[in-house]
Structures are given as C-alpha cells and as structure tokens.
Amino acid sequence: MDYDAWNRALAEHFFAIREAAAPVYLSVDDALLADLLASQTKAAATLPAAACDFRAALRSVVFGRNPFDGVASRARQWRRQGGIGTPPFIAVLAATVLAASRMNRSENTVVGRFSYYGPLRELLGLHEGSGMPDGYDVIVPTLWDHLKWWLTERERGRRGLPSAIPHPTQVNIGWSLSQAVLVGSDRVQVGLFLSTIGAQPGDTVPETELLARFQEWVRLNRPSPRIQRALASPQLRPILASILQQELTHYDGLPRNAAGLPHVPLSLTTEAGGFPYGIAARIPSHVRLTSLSLNGDVITVPPGAQWLPLAPPDSKLAPGSALELTAAAATLTLPARDLYVLQANELVGRWTSVTTAEVGVPHRVLVKNAYAAQAEAAMLACGSAAVRRPRRVQVPPGWTLFSGYTPTRSAPVSGVVGPLAPLHQQLARLSGGLRIEGGRQTYLLGYAPDLVLPATPDGHPPTVTVNGIPLPPLHLDAPDTIRLADLVQSVGEHQIQVGNRKLTFALVERYRENVALPVLALPPRNKKLATIPSKIRDTADRSARTPWLPAGHLSGSFFGGSPRDPLPSMSLMRIGGSIYALGKNRRVAQLVPQVPSWIAAMDHVPHAIDIEPLLDVLPFQALWVLQVTSSQNARVRRAPAVQSHSHGAPSGSWKSLSRADWDRLTSGNITVPATCAQGWTDYMSGK
C-alpha cells in the first residue's frame, strides 16, 4: 500500500461517522497495522510485514533534511481548500503515536525526548542525527491542530471529537503520548468507571480525585493491560488523569464504545442465588432502543422498558465469567466479578446483580469462597448481623451464597468486598426531587433534589456550600442526606460544592418539553395573529385574564365561544443539525435560522425556530424540509404552506446549493412520516 492508501485506511478506521460525538483516540500499534493491511489487500498479513509496508509508505513522504515539509505543505493546501476530503496527514500523526507505543518504558529509562525520538527516527528512516528531527516541534503540533479543526469545525463532531492533549512537561511529544495511553476499546471501561462512581453529565471533579477513584476501581475490576501499565507509570499517570477529565467532560451518562455506540450493562439474574443463571439488560431512560439484533435474532424492546431479560448464548452461564454481546445498535457487557450483590427485581421477576448495596434493602450476596470471610465481616460492619447461608440453593463449586443482608449504614470497606458498602466509591450526588423529563438537571420549584453525601473517613469532614453559603461542618461515618428543598427556594440555577466537587441544577416554575405541542402563550407575529396550538377547550371567560400572561401575548383559552376568523398556520421546529429546503427540479437551499426574539423571550423554549420567514424569501417554492443531525440522522417533513410577503425580515440566512448537493442529501437513509410517505416517493421520482 502506498502512503495515500494507508492514510485513507487509517482515517476510515478511526474517524468513521459515529452515533454520538465522543473523543477519538488515534491509538496505533502493530496489530492494528496488520488488520488494516489484511482488510485492504484481502490477504493475510503478519505483524512484521505490515510494519514494513507502513514504514515504506511513510518514508515516501517524510525524508530529507526537513523531513516534515512535504506533509506540511499538503496540509496547508488542504486547509486552504476548506478541508474537503480525507486529511492528508493522518498517517504521519499515526506514526508519531506508533513511536510513542514503542518507547522504552523500563524502570531505568525516563520517558523523554531520547526514548521517543529514537523509535520515531527508526520508523521514518531518519538515521542521520539524533533527538528531535528538524521541524518536528512546529509542524507536528500544527498537524494535531489541523485535526482538531477538521473534527470540530468541518465535521462538527460527527466523526468524533479530538482527544490529543499536551503533556505538562513533554511539550512537543505530549500530543502523541496522549494517544498511546488508551485505545478506543478502553473508552467503555472508562465509561463504566464514571457510571460506577455516580458521575452525571456536566459534573466537575478534580483530576487527582478522579485518578485516585479510578485506581480503586481498577482494583475491583479487570481493565485492559494498557490501563494497568498507565497507572503503574509515573510518567503516564498525569496523561491518564487528563484523559479521565476529558472523558468526564463529554460523558452523557452512558458508557460508549470506540464507535460512539451506547454500552448497555448486563446484570446476572437468578431465581434464589443459585442455578440456573441468566442475564438482563438495563435500558437507560435516555437511550432510545426499539430493537436489538442479537445473534441473528431481532429482539423488540417494548416502549418505556427499563429492563429486558435476554437468553444467554451459553445455557450454562456461571458467575465469575465475562460476557460481551454485540448488537446492531449497542454493546452489551457483563463484567467478570468475584462478588455479586443481588437485589430482588420486580420488573425482571428474579434476583438481579447491582453495582452496590443500598441501605434498608434486602440483598443476597454470591461471593467466591476465598473472600467469604471478608464479605461476612463487611456485612457486619455495615450493620447487618442476620446473614445466613442457605443450604438448599445450589451454587457453583467455589462460591458461597449469603442471604438476609440488609445494610443499615455504610462502612469504609474496600477491595473485592467494597460493593457491599452502600454508596461504595460514590461521589456526592443529587437524588430524588421532581425532575423535568428532558431537562438537564432541571427540577420543578418546591421539589428540589436531595444531596446525598457518602460516608467519609474520620477526620475528613467534607465542606459543603450551597450557592456560596457554607453549611455547618459535617462528620460522616454513614451516608447522610441534606434536603435542598429547605435551602433552595428560588427559580434559576443553583450551585452545590462538596469539597472540590461541583454540582449544578436548575429550578423552574413550569416547563414544556416539546414546543411543537400546545404552548401556553405566544405573541402576535407581525400584524396578524399566529395560530395558537392550544388544546384547551373553549370554556374560559374572555375577560378572565391570567396574571402570568405577558403583555402582547395571546392564549387559546381566552377566545371562549366568541366568533373568530381562521388564523394563519405557523410551523415551529427544534433547532439542531443542518436544515435544507427542497423544491422542484432538484432545487435545494440550506437554511441557517436563528431563534426569533419572540421565542427567545419565552421561558425554557429557546430551542425552537420559526422557518416560515426564511421559506418566504427563497427564490423557489419549498416543498419539503430536510433536517440532518450531527450524527447524520435525517428526517424530512412537508414544508408549510407560506403566504407570500406575509412575514417580516427573517431571523437567519440561507444559501443556494447545487443539484449535486441535492443528490447527496437525498441519497442516504431518510426518515419519512407515514402520513406523507407516498408524497415523498412521488417527489423523489420527479412527479
């Protein structure tokens, strides 16, 4: 393979269009090179052969006294042309990461320029001289910046987000080092860690605390050898801490794999703690799964399902073994454990494994014999002395089952038996409250969440402030709950700080999740009345003004039985992604709407846009409106009928596109409402 073929193969592997915008690690090693060469040439490839082929391709573009000038020139030209096509420098950046993965990491060698530049020079064939090659310190960081621009600005996250970060001391090589610490598959394990400690989207946790908690999590789980090596290296630990912080920044409440697909956790299920064992998937509320294609079978996910029992591929599934199932829309994983905390699950109808025990809830505990004594001591420390060992339940050899474990408090328990302690490894978190569905940590006024504080060792009371006001010192030897509803009683955003951890939430008086549904109040648009999509029956007295109604607004409940003329229609859409207007003869225009002032003035619906004024000024009649999200999910709807010259100046702008753009936009998978499917078919056929 030549350089361009390698460059294209690496770009397609790492930067394919993905389900969700998530950091992408350009993690290259010899095994990956062999896989890519085999997939491109359709022939088996050994590790040495793949490495030799990659070296030859690199040396065709990186050579001479100023070895990086050629690729830098191609990168500048590509950037000037708008970043169209595959970035021409992916293979060179991959080579810098490959050199980082080949560094000498023995105890007597300090990670630095000589342990890095040696493998890099060998890979690129730069045998004359030593240390940093000429131009590396300027060109290679610039190439990383080009990649960042391409992912964030040009592709807007649909091919992933940049993850390269500088090293605190190794300025020039830190970008490449940050890519060699983790591979894409490690993202799931980091996501599982964040889920275990109770991290929420938008959380902020200091890097030192994240790293300490991650090290404790690694002790209980079985992460990849790459993660364990990074934790054991004093030079790589700061990079790993920065990566954990970066993953927390982009965490949406759900672990994801390298392709951005959601990771759905599996739980072990059992009738009483013994044979036979099964599995069940816990479906997070913010993941919309309608079906799973698993082992060739299509499994329908009922709407609103929280748990989905599944048949394990091995009928003799036993505790202690890991299981990973790959479905079309998600990855399902059951981690291997030495201890399972079981809880009665009414939705599954069986005992189901959970992450940690809960105070006041009965549990059963299945643990390996080697840790049975520690488990019994931990349960006693957590206030449950009535545990027993059922004799009639058949458990696998080498395992012990306890029943009757109902903890009344937490305790400083660590290691394998740590999950027996309620809130083990958990961060301070918000719990309960009347949360607005769809709102990000948004609650109804008067129903604020509680602040749950895990137990802390003696002598280390947490400092808690609410909106900057410190609370009296707390000494926690057991989990405690603070009722924020008694402390926070105003609309708006509120900040809670527990030590270095910051939590934010908002309180609102009222909220409408979908602005396309009935809205309580809308102002007139221009001199004509806008449609008030209210489903309130016309029974209200016209004179009965509502005190919250702003001046210049109308409400559908005010018309009563009085006669009125038909009102012109109005179409509202959610802002997001790219919006296109499609007309006859393959005419297309891209709409760049802005939220009009009359919508922005309303509480909690600034995500709505009014596209009719833009459609009114187009040079052609819009028949369809196409909306494409950042994850390339496309949905089409009929364009609203617009009365010419009936609108004021539009909020936003538009630009005409070519017929080639029309072909590109309409060639993919597009979701069409069933009510207008035939109309779309006729439009695509030119009728």
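The exercises below concern a predicted model.

**Exercise 1.** Find the order of the strands in the six-stranded open sheet, and then find its edge strands.

Solution. Step 1: the order of the six strands is 28-24-23-26-27-29, with mixed pairing. Step 2: strand 28 (652-657) and strand 29 (670-671) pair on one side only, and these are the edge strands. Step 3: strand 29 runs parallel to strand 27 (residues 634-638), and two bridges join them. Step 4: in strand 29, isoleucine 670 stands opposite alanine 634. Step 5: helix 17 (residues 677-684) packs on the sheet and touches strand 23 (578-582), strand 26 (624-628), strand 27 and strand 29. The direction of helix 17 makes about 95 degrees with that of strand 26.

**Exercise 2.** Work out how helix 2 is oriented relative to helix 3.

Solution. Step 1: the axes of helix 2 (residues 30-41) and helix 3 (residues 47-59) cross at roughly 85 degrees and come within 8 Å. Step 2: angles of 65 to 115 degrees count as roughly perpendicular, so helix 2 is roughly perpendicular to helix 3. Step 3: residues of helix 2 that meet helix 3 include Leu33 and Leu37, and their counterparts in helix 3 include Leu47 and Phe54. Step 4: by class, this contact has nine nonpolar, two charged and no polar residues.

**Exercise 3.** Describe the lining of the second largest pocket.

Solution. Step 1: the volume of this pocket is about 1,200 Å³. Step 2: 34 residues line the pocket, and Arg158, Ser578, Tyr580, Gln632 and Arg664 lie nearest its centre. Step 3: strand 24 gives the most to the lining, with four residues. Step 4: the lining divides into 13 nonpolar, 12 polar and nine charged residues.

Technical notes: Residues numbered from 1 in each chain as written. Predicted model: local features only at pLDDT ≥ 70, side-chain atom pairs only at ≥ 80, totals over all residues. Heavy atoms only, no water. Pairing = 2+ DSSP bridges. Contact = heavy atoms within 4.5 Å. Axes fitted to C-alpha atoms, helices over the stretch in contact; angles between N-to-C directions. Parallel < 35°, antiparallel > 145°, perpendicular 65-115°, else oblique. Nonpolar A, V, L, I, M, F, W, Y, C, P; charged D, E, K, R; others polar. 1 Å grid on protein atoms, 1.4 Å probe; cavity = no way out; pocket = protein on both sides within 12 Å on 5 of 7 lines; lining within 4 Å. Points joined across faces, edges and corners; volume = space filled by probe spheres on them.
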